[in-house]
Amino acid sequence: MATEACHLGWDFSTQKLKVIAVDEKLRVIHEDNVNFDKDLPEFSTQGGVCVHNDRLTVTSPVLMWVKALDLILEKMKSSGFNFSRVKALSGAGQQHGSIYWKQGASSALQNLSPDLPLHQSLQSCFSVSNSPVWMDSSTTAQCRSLEKAVGGAQRLADITGSRAYERFTGNQIAKIYSLSPEAYAQTERISLVSSFAASLFLGAYAPIDYSDGSGMNLLDIHNKAWNPACLDACAPGLGKKLGDPVPSCKVLGSVAPYYIQRFGFNPHCKVVAFTGDNPASLAAMRLAEGDLTISLGTSDTLFLWIKQPKPALEGHILCSPVDTEAYMALLCYKNGSLMREKIRDKIAFGSWEEFSKALASTPVGNEGNVGFYFDVMEIIPKAEGIHRFNKHNEKVTTFPKEVEIRALIEGQFMAKRIHAEKLGYKILPTTRILATGGASDNEAILQVLSDVFNAPVYTIDTANSACLGSAYRAIHGLVAETSVSLTDVVKLAPGPKLVATPKAGVAQIYQPLLKRYMDLEEQVLKSSK
Ligand SMILES: O=C(CO)[C@@H](O)[C@H](O)CF
């Protein structure tokens, strides 16, 4: 049986619990997962969650997550996984979700019996059995009250990196405090999904890390401490229930005796602070300053590396999970692949080949034609509908098909560049665009991305990025005190593949077009109100 050291990366995501093991050469030597719906049907979740009758409240049973860990550890043990090889572990969790530990739960955590599965030992440890998760949007009243309490939406964004969002944890805690004050009073500790998972391995309450803590509307992202005005606006005595936040690379301690006795973990196996799934994915992609990741999926999501953040009313600024002096920004767009597929079906006969041909046959800058394609209400800007403008900024009702296709793709990427730069993102000579997600298979689309950002585009496989990033962070945590960067620690890992470089002269074409796009977006926003 192999005995070489390895590191574990966990991901307590919305639909699954996933684990990945990498050896000292960063080769993946084990992967496994538990699908909540399929493997734990007794919890009757759909996509790992329960959508309540009001269609706004969305929760997940906390004991489902505990039982999933029991299951996956038993699966690994019966497959002969040698836990004594594990030098360190870290992990990720879906962001914003919250867990409420009942008075006395800490002693249950500290005295786990190796003869029992976790879910039996912890079954009465939670004052709220159905944890609110990131898909919940039932806390609009709490959001407005928090923004009012601190001096407005922009003030809250300046402090915490985001205006108030329904899924953000502070607003969720405020709702629990107002609807179930007795449950709140019985709660001795509140965790995020990430720090809850770390607590299970530690056998004690684990602290919230700076990066995932940035998704709560409670953490001051500049001094990395809970903001008293935000805490007080959400619930009394909240700071004490949260504990102090820590840097994401912090070694929290060794794995609890439970894991050594029941599964044969190494007594010296270290637990490195867990973080959110998006920050963990950023670690997997080993972004450096000036880099940007764009996930071209159902929704398009951008991760940006930012040194001097400029929080705005759109997007989110989080403390970086890999560099305590830096930040990451998150921009989400609803009209991503579904919008691209709709235009493909409508005017390219449903064929990506036709779509790409049309794209490649039209000039950079589309002869000044600009389009906004919002099939559903967009997040940034909060606008919907299709809006086309010719080179004289006159609204037109149609474009020729190939012009329409280029207007869609150029418009989607110009918007992303404009909003990223508004948050403080800077395109540097070293900038790399890392593309992932379905549409990153389409070279014609990536060529437009490269031209609009005037930067090279690489593709990277991020199938299990939050797990992989967590394994990398486990390795980095062991040497972080020596101020070695994560990128240096994992430089042996497989790198991204170069797929597009900007065409000559594109900067001169897009500079004025980006300005026009920004002005026209304002016009579209006003007409949508
Ligand atoms: O809400 C989100 C980020 O703000 C989602 O990406 C969740 O982290 C998904 F679990």
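**Notes on the salt bridges and the ligand site**

1. K75 comes out as partly exposed, at 34% relative accessibility. Keep in mind that this is a predicted model. The partner to look at is D32: the two form a salt bridge, with the closest N and O atoms 3.1 Å apart. K75 sits in helix 2 (residues 62-78) and D32 in strand 3 (residues 28-35), so the pair ties together parts that are 43 residues apart in sequence. D32 itself counts as buried, at 17% relative accessibility.

2. Another bridge worth a look joins R340 and D300, at 2.8 Å from N to O. This one also links distant parts of the chain, with R340 in helix 15 (residues 337-347) and D300 in strand 16 (residues 300-306), 40 residues apart. Both R340 and D300 are buried.

3. D23 and R27 pair up too, with 2.7 Å between the closest N and O atoms. Here D23 is buried at 2% relative accessibility, while R27 is partly exposed at 44%. The structure holds 20 salt bridges, and R144, E147 and R163 are linked in a network of them.

4. Now the ligand. Its surroundings include T14, W134, N278 and L330, and the shell splits into two nonpolar, five polar and two charged residues. A polar side-chain atom of H96 lies 2.7 Å from a ligand oxygen. For R167, a side-chain N or O atom is 2.9 Å from an oxygen of the ligand, and D277 has such a pair at 2.9 Å. The protein covers 86% of the 290 Å² of accessible area that the ligand has on its own.

5. On annotation, the unreviewed UniProt entry gives "domain: Carbohydrate kinase FGGY C-terminal" for residues 293-476. That stretch is 36% helix and 22% strand in the model, with its end C-alpha atoms 21 Å apart.

Technical notes. Residues numbered from 1 in each chain as written. Predicted model: local features only at pLDDT ≥ 70, side-chain atom pairs only at ≥ 80, totals over all residues. Heavy atoms only, no water. Near = heavy atom within 4 Å. Polar contact = N/O pair within 3.5 Å; in protein donor to acceptor, adjacent residues only side chain to side chain. Areas by Shrake-Rupley, 256 points an atom, 1.4 Å probe, with all protein chains shown as cover. Nonpolar A, V, L, I, M, F, W, Y, C, P; charged D, E, K, R; others polar. UniProt positions renumbered as here; feature names shortened; annotations may be inferred. Helix = DSSP H or I, 4+ residues; strand = E, 2+ residues; numbered from the N terminus. Salt bridge = Lys/Arg side-chain N within 4 Å of Asp/Glu carboxyl O. Buried < 20%, exposed > 50% of the residue type's maximum accessible area, 1.4 Å probe, protein only.
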